[in-house]
Amino acid sequence: MNNIFKGEGVALATPFTESGSVDYDALGGLISSQIAGGVDFVCVLGTTAETPCLSAAEKQTVKDFVVQEVAGRVPLLLGCGTNCTETVVDFLRHGDLSDIDGVLVVCPYYNKPTQAGLFAHFKTIADATTLPVVLYNVPGRTGVNLEAETVLKLAMECENVVAVKEASGRLDQAEAILDRAPKGFELLSGDDGLTLELIRRGATGVISVVANAYPAEFGDMVHAALDGDFDKAEAANDRLAALYPLLSVEGNPAGLKSLLDVQGKAGNYLRLPLVPVSAATYAKIKAFADAMNA
């Protein structure tokens, strides 16, 4: 099975109103701006979406809304991972996955399984669906690292495991996967700041946070790098480089929500336990956005 999730993917944020409900007007505007900005695919209900703080009903409604707004213009990748294997399997077998092109499945968090447990978790999930599966390794959030050997074993034994979103921050681990990946299995960056270097080493795309705010600008970097024009890619990356740490210094999506607020695209509202960034960080993000507009 070939991986269709290539190029610039966006990890779609979930805007909220001041009262705390999902702001569907802002969400629709985000989707429109991202598609107009040239994103290649959309990832809905991932980390940036504050998915753990959405109710089951909200997740369904957000998914349905995004499906309707995207209207088949780009592929849709649905985040559906949790730390209970059977919960994911049940959703894949009985949930509404019409118009979804693949699923993103994060490493089980809190449980801290062994590599054998991680392999069994992902293989059980892959066996429960015919959809393409993208593994999601983000040890800073889950407390466990999906090691290169486990990724490669899954890639070789599960036909529909087509890619890994690699967000460990370890270039050596990414290189180990890229060097030995079977044909058809690809690596996507899970870190905006490392995307250029990962594409240089063979990654085929990214699932991006910053693309929520700057889809065209970040896409210029991604697409130039994929085309092998690294001078152009480096110039585009330099424009955004100062923003990458600002978006994560007080956590994602708190930094992103501040940026979207500055841009007038969404309010600076998060759900507890997340809170807005400090006034100092907000001021730095605003200064960056003002400079980009100058």
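The charged end of K165 lies over the ring of Y136, 4.1 Å from its centre. This is a predicted model, where local features need pLDDT of at least 70, side-chain atom pairs count only at pLDDT 80 or more, and totals for chains, interfaces and linings use all residues. Residues are numbered from 1 along each chain as its sequence is written, and side-chain values use heavy atoms, with hydrogens and water left out.

**Exercise 1.** Find which residue lies over the face of F119.

*Solution.* Start with the criterion: NZ of Lys or CZ of Arg must be within 6 Å of the ring centre and within 35 degrees of the ring normal. K153 lies over the face of F119, at 4.3 Å from the ring centre.

**Exercise 2.** Classify the ring pair Y214 and F288.

*Solution.* First, recall the rule: rings of Phe, Tyr and Trp (its six-membered ring) pair if their centres lie within 6.5 Å, with planes under 30 degrees apart counted as stacked, over 60 as edge-to-face and the rest as tilted. That rule gives four aromatic pairs. Next, the centres of Y214 and F288 are 6.3 Å apart and the planes stand at 70°, so this pair is edge-to-face. Finally, check burial (under 20% relative accessible area, 1.4 Å probe, protein chains only): Y214 is buried at 5%, and F288 is buried at 11%.

**Exercise 3.** Name the residues that F218 contacts, leaving aside neighbours within four places in sequence.

*Solution.* Take contact as heavy atoms within 4.5 Å. The partners of F218 then include E8, D192, T195, V206 and Y244.

Key:
Buried < 20%, exposed > 50% of the residue type's maximum accessible area, 1.4 Å probe, protein only.
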